Amino acid sequence: MKQLRLPIFTSKIKYYNLRIVPQDLIFENVIALKKQFEFTFGKQPLSRSKPHITIASFKMNSKYQDLLIQVFDQLSQRETFKLHIDGFDVFENSKTLYLKISKKNALTTLHGDLQVLYEKHLKGRAKSFAISENPHMTISKTRGKKMLYQSLHHFQNRGYSRQIEVQHLTLVSRSKYKTWERQHEIQFS
């Protein structure tokens, strides 16, 4: 009798996020702001997320992960650059309070480089590829517009302005409904 063999699925669709993770001091400052938000307004969606600036997000079969790392490692030829955090603002549609990041030429160039790498190496493999056009660091989402604007007023009165030195990018991934896992760092020259 012939034995029936089922295919073994060794790869799966994962969600990927290419991001800037701020250096330790700024990271801890933003964690403190998130805790202050939670203390004042209660635990909300994303109030406990790790501080970062999303550069690009997409879905892709994990069997292409080695290729993805190889492609993104080409960004290591870039030089370090600085970004400036300059106060608070909101995305009204998603009811999100965030720290504003000034858009510098280096960030625009990085976005262009990513688009070229996507077109040349990842098109057809990476789905829903989106480059974040509005750089920011999320503090928290809120339950409604009233809380959103109360939190904006609360934090604008305190203000926050710092400079980030971007020395690397971090690629993270997760399976659907799971938490982000640190994956790979791309160090700049």
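Predicted model: local features only at pLDDT ≥ 70, side-chain atom pairs only at ≥ 80, totals over all residues.
Residues are numbered from 1 along each chain as its sequence is written, and side-chain values use heavy atoms, with hydrogens and water left out.

View 1. Look for Arg78 in the loop between helix 2 (65-72) and strand 3 (81-91); helices (H or I, at least four residues) and strands (E, at least two) are DSSP runs, numbered from the N terminus. Beyond its neighbours within four places in sequence, Arg78 is in contact (heavy atoms within 4.5 Å) with Ala106, Thr109, Leu110, Asp113, Phe188 and Ser189.

**View 2. Helix 2 meets helix 3.** Leu67, Leu68, Val71 and Phe72 in helix 2 face Leu114, Leu117, His121 and Leu122 in helix 3 as contact partners. Sorted by class, this contact has 7 nonpolar residues, 1 polar and no charged ones (Ala, Val, Leu, Ile, Met, Phe, Trp, Tyr, Cys and Pro count as nonpolar, Asp, Glu, Lys and Arg as charged, and the others, Gly among them, as polar).

**View 3. Helix 1 meets helix 4.** From helix 1, Leu33, Gln36, Phe37, Thr40 and Phe41 meet Met147, Gln150, Ser151, His154, Phe155 and Arg158 of helix 4. Here the contact residues comprise 5 nonpolar, 5 polar and 1 charged.
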